[in-house]
Every structure is written in structure tokens, then in C-alpha cells.
Amino acid sequence: MTDSKYFTTTKKGEIFELKAELNSDKKEKKKEAVKKVIASMTVGKDVSALFPDVVNCMQTDNLELKKLVYLYLMNYAKSQPDMAIMAVNTFVKDCEDPNPLIRALAVRTMGCIRVDKITEYLCEPLRKCLKDEDPYVRKTAAVCVAKLHDINAQLVEDQGFLDTLKDLISDSNPMVVANAVAALSEIAESHPSSNLLDLNPQSINKLLTALNECTEWGQIFILDCLANYTPKDDREAQSICERVTPRLSHANSAVVLSAVKVLMKFMEMLSKDLDYYGTLLKKLAPPLVTLLSAEPELQYVALRNINLIVQKRPEILKHEMKVFFVKYNDPIYVKLEKLDIMIRLASQANIAQVLAELKEYATEVDVDFVRKAVRAIGRCAIKVEQSAERCVSTLLDLIQTKVNYVVQEAIVVIKDIFRKYPNKYESVIATLCENLDSLDEPEARAAMIWIVGEYAERIDNADELLESFLEGFHDESTQVQLQLLTGIVKLFLKKPTETQELVQQVLSLATQDSDNPDLRDRGYIYWRLLSTDPVAAKEVVLAEKPLISEETDLIEPTLLDELICYIGTLASVYHKPPSAFVEGGRGVVHKSLPPRTASSESAESPETAPAGAPPGEQPDVIPAQGDLLGDLLNLDLGPPVSGPPLTTSSVQMGAVDLLGGGLDSLIGGTNFVAPPTAAVPASLGAPIGSGLSDLFDLTSGVGTLSGSYVAPKAVWLPAMKAKGLEISGTFTRQVGSISMDLQLTNKALQVMTDFAIQFNRNSFGLAPAAPLQVHAPLSPNQTVEISLPLSTVGSVMKMEPLNNLQVAVKNNIDVFYFSTLYPLHILFVEDGKMDRQMFLATWKDIPNENEAQFQIRDCPLNAEAVSSKLQSSNIFTVAKRNVEGQDMLYQCLKLTNGIWVLAELRIQPGNPSCTDLELSLKCRAPEVSQHVYQAYETILKN
Amino acid sequence: MIGGLFIYNHKGEVLISRVYRDDIGSQAADSAVFSSSGPFLGERLGGSVRNAVDAFRVNVIHARQQVRSPVTNIARTSFFHVKRSNIWLAAVTKQNVNAAMVFEFLYKMCDVMAAYFGKISEENIKNNFVLIYELLDEILDFGYPQNSETGALKTFITQQGIKSQHQTKEEQSQITSQVTGQIGWRREGIKYRRNELFLDVLESVNLLMSPQGQVLSAHVSGRVVMKSYLSGMPECKFGMNDKIVIEKQGKGTADETSKSGKQSIAIDDCTFHQCVRLSKFDSERSISFIPPDGEFELMRYRTTKDIILPFRVIPLVREVGRTKLEVKVVIKSNFKPSLLAQKIEVRIPTPLNTSGVQVICMKGKAKYKASENAIVWKIKRMAGMKESQISAEIELLPTNDKKKWARPPISMNFEVPFAPSGLKVRYLKVFEPKLNYSDHDVIKWVRYIGRSGIYETRC
């Protein structure tokens with residue numbers, strides 16, 4: 001039996017033929033036809049036209065055929081929701097089938113059909129299947145809850161499926177437990193504040209028992225879930241660790257890595273004096289090394305993770321250098337990662353071997369790899385002082401090869417070596433100068449110029465060398481231009497007599513002929529310095545430079561801690577927090593390592609501080625290429641940098657300055673926007689300032705200009721998640737200005753100060769329009785109410801769901817994150833009224849498929865009441881019509897970002913038994929319809 | 001979790017596409033919706049998933065340069081891929097999934113497919129696409145991997161398909177309890193007339209040696225593969241000369257163990273098939289399990305201490321002017337003279353600008369293979385404690401290339417009938433309390449094979 005023939009039919013009229021075959025009486029022919037349909041679907045042909053014919057084949061006792069039809073349904077149901085209903089009966093019937101395989105198949109497939117109408121019918125079968133006698137059906141139903149939640153979260157909550165799912169954690173079958181854990185974890189991720197996965201010592205115990213018995217995949221789900229738990233003390237942490245360590249011997253690498261994640265996280269809580277701590281450290285190394293004999297793709301994942309582990313706990317792998325030696329046939333991505341780890345593990349004990357290896361690598365074929373190897377030699381020199389001399393001579397050997405990119409890379413690292421060990425290796429300058437002509441990369445040119453300028457007094461022809469660069473000044477990259485400017489000024493300060501002409505030339509090139517503001521500024525500064533006070537100029541330009549530190553490319557400590565919590569996942573592969581690559585609310589929950597418990601606090605030495613070194617040891621990291629500019633400025637102009645920024649000590653607490661880089665990287669790159677100082681922008685169409693609006697608020701009880709509906713405050717951040725700070729709040733819109741009304745309660749035992757707030761980018765650019773002002777410190781048990789004005793001019797990023805808002809609040813204790821959903825009606829602007837003609841034209845203009853229908857149930861209001869209620873929230877009635885006893889309201893509204901939404905609302909006032917309103921919405925961006933509908937519902941029902 | 005799984009042929013045509021989640025492939029729509037003037041995008045699922053499919057084709061399969069990472073992020077969508085011959089398997093996601101799990105799953109998927117229809121090739125995939133969809137539906141639910149043991153799967157996903165009608169109720173529940181059960185890898189009621197088992201200790205010895213003969217790194221990665229043909233639900237216990245176990249037992253009787261000549265070995269790390277009770281291994285270091293029926297890999301292990309390196313390669317490369325190289329390579333076998341190594345192959349790389357090669361070897365056959373840029377020297381058999389030699393003269397074309405030849409290492413392949421790590425199987429006991437056969441009735445076979453892994457000497 002070969003199926004490949006199905007892939008080859010591409011004749012015209014194929015669809016008709018298939019149609020005929022699908023309706024054939026012969027079973028075999030039918031099956032053949034369905035196979036052909038599936039094959040066409042796979043290669044991307046549109047076979048949706050055959051929907052009814054395929055669905056007709058569904059009623060069959062042939063399991064294979066049934067599965068094929070289901071497959072088709074999953075693909076096309078969404079585009080033909082009405083037709084998909086035809087399949088519902090069969091599904092419901094199949095869920096009752098005596099064969100558990102068919103029951104499971106039906107519930108599994110039904111969950112994959114993402115059509116609202118079908119999900120309603122899914123609830124009953126699902127409820128039965130969750131309590132099925134057969135574990136196979138239960139485990140399938142558990143996953144189905146997660147599917148349903150993805151389609152309609154509210155429905156899942158209303159139907160009580162979450163509780164049933166929680167019960168399944170105590171199921172007798174380990175696989176059911178594992179799938180329930182997986183489903184709950186996923187649902188919990190989209191509700192960061194909910195307490196869905198109520199992990200406590202009892203439930204943890206259940207999970208640990210299931211861990212011994214379930215499949216390899218189930219073990220992964222459970223371990224990943226365990227990693228989110230924070231044990232109450234070090235003893236509990238240790239007992240969990242003891243039960244997780246056997247997993248390190250599992251053949252599945254993902255099980256091993258997830259176990260490593262749990263151990264790395266819980267180890268944080270153990271005292272270093274404990275014998276067990278040492279045992280655990282020893283147990284971690286062998287499985288990590290074993291991961292390197294897995295397939296290359298897994299090796300890559302493992303190496304990316306080991307890179308993190310080595311930074312967090314270098315002691316684990318310090319004796320395992322050899323396993324990271326590169327093999328000739330390793331794929332390039334494995335080679336590059338190994339090299340990184342080799343440098344991190346390099347120490348005085350193994351440096352000779354490492355250097356020999358690196359030298360070997362520098363002769364390989366792959367250019368990136370060779371470059372990295374050369375750079376690594378330089379980094380070894382900086383890291384291990386005893387080896388510096390050998391490194392330099394190795395680099396000189398490599399320069400002799402004259403291979404262009406090797407030479408350039410070598411010169412870049414030699415510059416760093418000069419900075420680390422001043423006045424030691426300058427004898428090699430002559431050799432470097434010989435290679436001046438072969439340098440064509442900006443970084444290498446800049447490095448060479450820096451060397452010439454820095455050691456101008458020892459290079460006889462320094463002026464000639466620099467002059468040779470000056471010829472093509474305007475063709476150089478900024479990096480080189482800046483360096484050349486500084487280099488020549490240095491030269492001038494050292495040898496003023498011969499180089500006056502040269503310095504004038506470069507100053508005029510930089511200031512008069514350049515468009516680059518950085519370059520001009522620096523030029524002017526030098527010029528003025530030189531012309532007013534040459535002595536001061538000397539002090540500034542030739543100031544002693546701070547030494548660069550040995551460790552390079554370290555991941556910032558708070559980010560590192562977060563990434564440790566994500567071992568094994570994509571975040572650990574990208575070395576980025578999930579928020580940087582995951583859209584919407586998922587995964588934005590900030591994870592951090594557990595704090596050490598009180599019982600071990602006494603043992604805390606500076607070494608045990610989880611994040612960041614003590615201030616004196618803060619490394620000045622060698623800048624990456626992009627940062628070089630800033631570094632150079634710093635180098636030459638700034639006052640000698642004697643110490644690190646003062647925030648270091650607070651980093652340890654996790655309380656990073658809100659605007660500092662630390663938080664940015666936690667929340668995901670540059671998503672954060674400094675709060676704009678401007679108040680509400682004019683575009684909102686509200687001429688009244690915020691001061692006046694308070695007045696209005698007092699006076700306008702009934703007026704149309706009164707504010708929109710305000711929901712009661714809800715708890716956004718429970719105290720237990722925020723070290724005692726409880727935040728509840730709501731959103732309001734009053735006369736054109738949006739604000740977030742917050743209530744902060746201090747439930748901790750210490751005073752809270754220094755509050756600040758920031759929003760992540762969001763769908764409508766909401767951002768605080770003013771800083772969060774809490775005037776007095778918040779003492780324990782005190783509550784303060786604040787209204788934070790918001791603007792809609794912040795950065796925009798589409799969120800999932802659309803109205804999701806991620807907020808970070810800082811106080812003197814820590815930074816906390818939560819996300820909340822804002823009602824869309826706060827974005828309905830006051831000038832959102834259209835005239836009839838316009839309405840009509842727009843309604844016609846928007847394509848019909850953008851129309852969305854909703855029902856607002858149990859709303860016994862008449863047209864007048866509805867209209868006035870909506871108007872107070874800026875939904876305007878354009879026209880009203882009475883058709884056959886039904887009132888039709890035509891309404892419109894406009895969002896702050898200029899999106900118009902048109903609505904048709906059908907009310908049946910004459911019929912008391914029917915209190916449902918029918919709403920159809922039309923909008924060019926149909927994503928908002930669902931949320932507008934919710935806004936309607938909230939406004940009308942309150 | 002995994003949002004979708006695609007299988008492509010070498011041209012980048014989709015052979016199999018299974019979408020588990022809607023979120024994949026909607027990247028184009030995201031940015032456009034909120035720019036008010038931007039085109040309206042309301043693509044249906046079918047259309048948007050094609051975006052993801054195409055993105056991978058364009059950015060990875062048709063990429064000009066070599067693949068730099070097995071994980072690619074294109075427009076906030078992550079693609080994991082593995083390649084089997086010229087078939088690409090790609091898993092796609094938009095979430096922060098467990099990356100190790102995704103790759104493990106992709107390998108597993110390959111194993112399952114291979115177990116069903118042999119080699120993974122375009123033809124086989126096209127011939128079995130219905131089966132593959134059926135498998136994908138079963139082993140991945142909403143992107144969560146489910147039981148993927150072939151033994152279990154084959155009980156209810158068959159190539160003939162139509163089994164369901166004939167199954168009795170007991171059979172059905174037996175299937176489901178096996179798929180979800182604690183011993184998901186074995187079914188009840190297996191019967192053999194002859195209870196027999198085979199143990200293969202397969203080791204691959206890896207070496208990286210400097211030209212001067214210094215061992216830069218060496219390790220053995222070994223596997224114990226078991227073929228079991230045992231009735232019922234047998235409880236097995238496996239023992240080997242693990243240093244930790246021997247020392248534990250040998251307390252007090254240390255002399256005895258050393259007298260009996262039993263050398264123990266230090267195992268750096270080992271991993272086990274999921275049938276092995278890991279907690280028992282952790283506490284008692286005993287390996288006990290109920291095996292799957294047929295062939296499976298019981299354990300993997302790694303050792304680095306006291307490895308017997310079966311061969312030593314001594315290279316000598318001399319550059320004679322710019323157009324000639326003289327190469328001499330000596331190999332020495334280093335094991336008991338009574339044993340025979342087989343399938344010996346030495347691969348000596350030659351520069352890209354080689355124009356001609358003359359080879360003389362004492363034993364076996366040697367050939368210059370221009371397409372592989374190497375001299376390949378093959379010897380069928382070689383006893384222990386012997387020595388053999390090859391010399392070659394390589395003529396080079398003069399080139400202007402400034403860059404020196406990278407001199408790849410000389411690599412070697414071989415097979416020897418012992419375990420280079422020194423591992424010995426001490427026992428494999430079988431208990432089946434319900435059926436009346438005892439450990440003595442089971443016929444057991446043990447075999448040791450040592451193969452070369454990456455066995456390289458730099459020159």
C-alpha cells in the first residue's frame with residue numbers, strides 16, 4: 001500500500017472528482033478520496049470547498065477513516081463554523097462510545113476545533129470524560145481543558161473545570177497527574193496573579209510520588225512545575241532535592257535539565273556549610289557532562305545552559321575543562337558555545353592546556369570560530385595573569401600568519417591586554433605597526449589607532465602613522481573617526497612641537513566638515529580645552545585609565561538569576577527573559593531565585609550573596625563592539641572612574657532603580673518608556689485640563705459629560721506576592737482624561753517608601769502621565785489612595801489579550817510585577833460621534849467578514865435607557881429605527897488610537913420574555929470587537 | 001508548548017504539516033493591525049500558518065550559509081529543527097517552551113517513524129503520511145508529548161488500521177492501561193517457549209591526541225543494549241563491576257576481590273532507560289527493572305579513567321618545499337595478542353590543492369580519495385601488540401592562497417572484541433514470581449564490542 005500517489009494529482013477539475021468519490025457508496029473509494037483530500041491539504045491546496053462532503057464521511061465505524069475526517073475538521077472548521085456544527089452530533093455520540101480510544105479521540109479532536117459554537121457543546125462531554133473510568137480518556141480530557149481555556153477562558157472558569165482539573169492532581173494514574181499538571185501550569189501562566197497551582201507540601205508530595213512513575217514527558221511537566229514552587233525552609237528544600245536527584249540519571253536529557261533547574265533553584269536556599277550542599281554540587285557535574293554526548297542539537301541546548309550554570313556556580317564544573325575541547329567534526333554552533341565555556345573555566349591550573357587548544361583552533365576553517373578563538377586567547381591573558389606573556393607570544397605568532405582576519409582580531413585583543421597590564425608588553429608595538437595596511441575592519445583600525453595614540457611617545461613615526469589614517473577621514477566609520485580624533489590629540493599633548501598642524505587638521509575635520517554630533521561635540525570639547533588650558537587638557541585626556549577586569553561578557557546578575565529559573569527552556573537558549581520573545585501575557589511572570597531562609601541567614605558570607613559582587617569587585621566589563629563608543633568617551637573625557645555605580649548593593653535586594661538598565665533587561669529589552677511628563681495630549685479632544693476635571697466631577701451627577709462607568713477596585717497584586725504590598729485598583733475615564741485609581745496597602749511590618757510605577761508597552765500605548773506620588777512613607781497597615789493620570793502616547797505593542805497591561809511597581813523593598821486587564825471603554829473618546837451619512841458610508845465600506853455578532857443576555861432596559869447609559873461612556877447613538885416591534889440602535893465610538901467601531905444594537909422592548917440584546921460590531925480592526933462587546937456588557941449591566 | 005510540526009523534503013516542500021496551536025504564524029498580522037493606515041490583515045488560519053511554513057523554508061532550508069543554530073527565531077516565532085538524511089523536521093512555537101524537551105521529542109518522533117516504516121526518506125514519508133498523521137495525533141496533544149513508546153503505540157496504531165471493530169472490551173482497556181500505565185513499555189501476557197536474553201555492551205572510545213602522543217582528552221561512551229525474550233512481567237537485576245558497588249561489598253573482604261582479579265571501573269556518569277527504578281539506583285546503586293519486550297537500550301555510561309586505548313597513531317608530516325608533503329603514519333595495536341581488531345580504517349587528510357599521491361603501506365590497502373581530500377587506509381584484521389606503517393608522498397599544486405592548510409587531524413575507525421572501559425557484566429538475574437521459570441532457566445548471552453568514536457590524532 002503506498003500513499004505517495006495521493007501527492008501527485010494536480011489535474012484541473014480535481015475538486016469535482018473528489019466530490020464524486022467522497023459521495024461514493026463504496027467504503028474503500030471514500031477512504032481513498034479522504035486520503036487524497038488530506039494530501040492536498042498538506043501541500044497547501046485549498047480543499048475547504050469539500051467540507052460538507054468530508055463531514056458526511058464522519059459517521060463511520062472505520063477508525064482510520066474517522067481519524068482522517070477529524071484531521072480535516074481541525075484544519076477547516078474555523079473557516080466554516082456553521083458547517084462545523086454538523087459534526088457536533090457525531091462528536092457527542094463518540095464521547096459515549098464503549099471504546100475508550102474512541103471516546104478519547106472525540107474529546108481530543110473536539111478541543112482542537114476552535115469554533116465558539118462548538119465549544120458550548122463540548123462542555124458536557126468534557127465533564128464526563130474528566131471523570132471517565134478509563135485513565136486514557138482522563139489524561140486526554142485534562143489536556144482538553146487547557147485547549148478550551150485557550151479558546152474561552154471564562155467558560156472554563158464558569159463551568160468549574162479548573163476545580164476538576166485540580167482534583168486530577170490526586171488521580172491514581174501518574175499520566176493523568178502529569179497532564180493535569182501541564183494543563184494547570186499553562187492556564188496559571190495566563191493568570192499570573194491567580195492561585196491556581198496551589199502548591200503546598202502535600203501537593204508537592206503527590207507530584208514527587210507521581211514523578212517516579214510517569215513517562216519521561218510527564219516527568220518533565222512535573223519537574224518544570226516543581227521549579228515554580230518555593231519551599232518554606234531549607235529543610236523542605238533539601239528533602240525535595242533528595243527526591244529529585246535520581247532524575248539526573250534519566251536517559252532523556254530534558255528530564256535531566258529540568259531536574260538540574262529544580263536543584264539549582266532550591267540550592268539557593270541551602271546553607272553552604274551543609275554537607276548535603278557539597279554532595280549536591282558533586283552530583284550535578286557528571287550529568288551535565290553526559291549531556292555533551294547527546295545529539296548535536298541537544299548538546300547546543302545543554303551548552304547554552306551550562307554557560308549560565310558556570311556563571312552562577314563556577315565550582316560545579318571547574319575540573320571538567322577537557323570535555324569542552326572542540327572536536328573537529330562538531331557542528332559550528334557547538335564549537336562556538338564550547339569555546340565560550342572554555343574561557344569561563346580557564347584558570348591558572350589549566351591555562352596551558354587551554355592555550356594549546358586555542359592556538360589549534362585559530363588555524364581552523366570557519367572564520368567566526370577562528371575569530372572567537374583569537375579573541376579567547378586575549379581573554380585568557382586578561383583573566384589569568386600568569387599566562388599573559390604566553391598569550392601575547394601566541395598572538396604574535398598568529399599575527400605572523402598574515403591571515404587578514406586573524407591579524408585584525410589579534411590587534412583588537414592586544415589593545416585590551418595593554419589596558420590590563422600597562423607598561424609591560426609595549427615591545428610588541430613595532431610588530432603591530434607592520435600590519436597597519438592590512439586592517440580593514442573598523443574595530444581593528446580603531447584599536448590600532450588607540451594603541452598608536454596611547455603610546456605615541458614610544459613610536460617614532462606615530463605622527464606619520466596617524467596622518468596616513470587621516471586621508472580618508474570622512475570614509476571611516478564613526479568609531480574610527482572618534483578614535484582618530486582622540487589619538488591625534490593625545491599625540492599632540494605628548495609631542496606638541498611636531499604635530500600642531502596635524503591636530504588642527506583633525507579638529508577642523510571633526511568640527512567643521514562632519515555631520516556627526518558626537519564627533520563634533522568631542523572635537524569642540526578638545527578644541528576648547530586645548531585653547532584655554534593645555535594643562536587641564538593634559539590631565540583630562542591623558543588621565544590614568546581604570547584597569548579592565550578579568551571577567552568579560554558576564555550576564556547581568558539579576559538577569560542571570562532569572563535565567564537560572566528558566567533552565568532547559570528557550571529563554572535559557574536565547575539568554576533572554578521570555579518577555580523578550582514571547583508575545584502577550586504568557587511567561588511575563590517574573591521569576592526569581594528563592595531567598596535564603598532565616599535559619600541559614602547567619603551563615604551568609606559575602607560569597608553567598610546571590611546576586612552581584614560587593615561594590616569593590618564590580619567588574620568593568622570589556623565593552624562589546626556596540627558599546628565601544630561610549631567606552632571611549634568615558635575613557636578619555638570622563639573623570640577617572642574609581643568605583644562602580646552605587647546601585648550595586650541594592651541589586652542584591654533585587655530593587656533596581658526603575659529607570660536603570662537592570663529592570664529594562666528583566667522586562668524585556670527596551671520595552672520600557674520613561675514616563676512622559678506631558679499631560680493628556682490634545683488629540684484626545686478634551687480641552688479641559690485635569691485640574692478642572694475634578695470640579696466637573698463634583699458637579700456633574702447626571703450630565704452627559706460625566707465620566708464613564710467605573711468598575712469597583714479589584715486586587716491586582718496580593719500582599720503575599722509582593723512582600724506585603726497590596727495593590728488594588730480600577731480604571732476611570734472622566735472628561736477626556738484616563739486615570740488609574742490605585743489603593744496601596746502596606747501589610748508588611750516595615751515602612752514602605754520610594755514608590756514608582758511603570759508600564760510595559762501595550763496595545764494602546766497607555767503610559768503614566770505623571771510619576772506615582774505617594775507623599776508620605778506608607779507605614780504598616782496604612783492604606784493610601786492615589787489617582788494616577790494616564791496618557792496614550794506611550795509605545796505600542798500588541799498584547800494578548802489586547803487589553804492586557806503589564807505593570808511594574810517599585811518600592812524600597814523590591815520591584816513587583818503584575819498584569820491587569822483594563823476595560824476598553826476607558827479608551828472611548830469624547831469626540832467619537834459620526835453623522836448619519838458618514839456612518840452609513842463607513843458601515844458599507846467595512847467588509848462583511850469583519851462583522852462580529854454578540855449577545856448581551858438579561859438586560860431588561862429600553863432603548864432610551866440603553867442609549868443614555870452608553871452615551872455616558874462615550875458610545876454615541878447615531879440613529880434609531882423601529883422594525884417590527886424591535887428597536888434598532890445604530891451607534892459609534894472611537895478609540896484613542898483613532899479606530900472607529902460601529903455598532904448595531906437590537907432591542908426587543910415589547911417582549912418581556914426576551915431580555916437579550918443583540919449586538920453586531922463592525923470595525924476595521926476586528927480584534928477589538930470582542931473587547932468592545934465586553935465594554936458594552938459591563939456598562940449596560942452596571 | 002509545541003505549536004506545530006512540519007516535515008520538509010530537501011527542496012523545502014512540505015510533506016507533513018500538523019498545527020496544534022493557532023498562535024504560530026500570525027506574525028505578519030501583529031504589526032499591521034495597529035498602524036492605522038496599514039493594510040488590514042484578517043487572514044484565516046490556513047493562510048497564516050503558511051507564513052510560518054514559508055519562513056522556515058526561506059530562512060533555514062534555503063539559507064545561503066551553513067546553519068548557525070538548531071534553534072532559529074524568525075519574527076518572534078521559534079523554529080527547532082533536526083535533519084535526517086535530506087528530510088527536515090521542524091517544531092514551531094511562540095512560547096517559552098522546554099527546548100530540551102522539543103529536541104528529545106523530535107528524536108523520538110524519528111525513532112517512532114523508523115520503527116514503523118524504516119528509513120526516514122521522502123518516499124517513505126509520502127507512502128505513510130496517513131500513518132504519520134495518526135501518530136502525530138497520538139503522541140503530541142495540544143503540543144504536549146504523550147506516551148511515545150513504540151511498543152505501546154503498535155498495539156493500537158497499526159498500518160492496517162482497522163482493528164477496532166474486532167477488539168473485545170478487555171483488549172481495549174488493556175491497550176489504554178498500557179498506554180497510560182506505570183509500565184507503559186511492556187504489555188501483559190507475553191509468552192515465550194524459550195526464555196532468552198542477549199546483552200550487548202557496545203562502547204565507543206573517543207580520543208584526541210597531540211602529535212607528540214599526549215592524550216588531550218579521552219573518554220568511553222558505552223551502551224548496554226538488551227534483547228529480552230522473556231515471559232510474563234519479569235523483574236530483572238543487572239550487575240557490573242562498578243567501583244562503588246564493588247567497594248561497598250568488598251568492605252572487609254577487600255583482599256578477596258583483588259585476588260580474584262576482578263578489576264572494577266569508575267563510572268563517571270550513567271543514564272538509564274525509563275524502565276529502571278532511578279530512586280533505587282540513587283539509594284542502593286542497584287539496577288532493577290522490568291524490561292520492554294524485544295530490543296532496548298538499558299543504560300548509557302561514560303568513563304574517563306584507565307581507558308584501554310586500542311590503537312596508537314604516530315604521525316609524521318614533513319613539508320618539502322611548497323609543492324610536496326611527505327607523510328608517514330605508524331599504527332600500533334595495544335591489546336592482548338590473542339584478540340583481533342577488525343574493520344580498521346585510517347583516514348589521513350590531504351590539502352585541497354593536492355595534485356597526486358603515491359602511497360606505500362605494509363598491510364591492507366590504501367587509496368587516495370580526491371573527493372574526500374584524504375588518503376584512506378584499510379586493514380581487515382589486526383592482532384594485538386602489532387605495528388603497521390604507511391608512507392605517502394603528496395604532490396601539491398602551487399597556489400597563491402596565503403592561508404596555511406588547517407591540517408585536520410588523522411582519524412581512525414576500528415572494532416575490537418572487548419570493552420575499552422574495562423566494564424564487565426557480573427550478573428543479570430531474572431525473577432518472575434507468577435510464572436514457573438527461574439533465573440537458571442533463562443538462557444543468557446553477553447557480548448562486548450568496542451568501536452572507535454571520534455578517535456583523532458593531530459598532526
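# A walk through the sheet, the domains and the interface

In chain A, five strands form an open sheet in the order E1-E2-E3-E6-E5, with antiparallel pairing. The edge positions belong to strand E1 (714-717) and strand E5 (767-768) of chain A; each has a single partner strand, so one side of each is left without a neighbour in the sheet. The model described here is a predicted one.

Within this sheet, strand E2 (residues 725-734) and strand E3 (residues 737-746) of chain A run antiparallel and are joined by 10 bridges. Strands of a sheet pair through backbone hydrogen bonds, in either a parallel or an antiparallel manner.

Two loops of chain A hold backbone details to look at. The loop between E3 and strand E4 (756-759) of chain A contains Asp754(A). The phi angle of Asp754(A) is near 55 degrees, which is a positive value in a residue other than glycine. The other loop lies between strand E6 (783-791) and strand E7 (804-810) of chain A and contains Pro801(A). Here the peptide bond that leads from Glu800(A) to Pro801(A) is cis, and its omega is near -10 degrees.

The next step is the division of chain A into domains. The domain assignment gives domain 1 (346-436), domain 2 (441-543), domain 3 (714-822) and domain 4 (827-941) of chain A. Between domain 1 and domain 2 of chain A, the contact takes 14 residues from domain 1 and 12 residues from domain 2. The centres of these two domains of chain A, taken over C-alpha atoms, are separated by 27 Å.

How much area do domain 1 of chain A and domain 2 of chain A bury between them? The value is about 1400 Å², with 71% of it on carbon and sulfur atoms. On the side of domain 1 of chain A, Gln408(A), Lys415(A) and Leu436(A) supply 35% of the area buried against domain 2, more than any other three residues.

Polar and charged groups also take part in this contact. Between domain 1 and domain 2 of chain A there are three salt bridges, and five residue pairs are in polar contact, both residues being at pLDDT 80 or more. The side chains of Glu426(A) and Arg458(A) form a salt bridge, with an N to O distance of 3.7 Å. Side chains of opposite charge can pair when their charged atoms come close.

Which elements give two or more residues to the side of domain 1 of chain A that touches domain 2 of chain A? They are helix H20 (367-383), helix H22 (404-420) and helix H23 (429-434) of chain A. H22(A) gives the most, with six residues. By class, this side of domain 1 of chain A has seven nonpolar, two polar and five charged residues.

One salt bridge joins the side chains of Lys108(B) and Glu216(A), at 3.4 Å from N to O. The interface of chain A and chain B also has 39 residue pairs in polar contact, both at pLDDT 80 or more.

Over all chains the structure holds 68 salt bridges. In chain A, Glu124(A) and Arg127(A) form a salt bridge whose closest N and O atoms are 3.2 Å apart. Both residues lie in helix H7 (residues 116-130) of chain A, three residues apart, about one turn of the helix.

Chain B has strand pairs of its own. Strand E8 (residues 196-209) and strand E23 (residues 443-457) of chain B run parallel and are joined by 13 bridges. Opposite Leu199(B) stands Val446(B) in E23(B). Strand E21 (residues 410-416) of chain B also pairs with E23(B), through four bridges, and these strands run antiparallel. There, Glu415(B) has Arg451(B) in E23(B) as its bridge partner.

Conventions: Residues are numbered from 1 along each chain as its sequence is written. Chains are lettered from A and ligands numbered from 1 in the order in which they are written. This is a predicted model: local features need pLDDT of at least 70, side-chain atom pairs count only at pLDDT 80 or more; totals for chains, interfaces and linings use all residues. Side-chain values use heavy atoms; hydrogens and water are left out. Domain bounds come from an automatic or database domain assignment. Contact means heavy atoms within 4.5 Å. Buried area is the accessible area (1.4 Å probe) that two parts lose on being put together, summed over both. A salt bridge is a side-chain nitrogen of Lys or Arg within 4 Å of a carboxyl oxygen of Asp or Glu. A polar contact is a pair of N or O atoms within 3.5 Å; within protein, one must be able to donate a hydrogen and the other to accept it, and residues adjacent in sequence count only if both atoms are side-chain atoms. Ala, Val, Leu, Ile, Met, Phe, Trp, Tyr, Cys and Pro count as nonpolar, Asp, Glu, Lys and Arg as charged, and the others, Gly among them, as polar. Two strands pair if DSSP finds at least two bridges between them.
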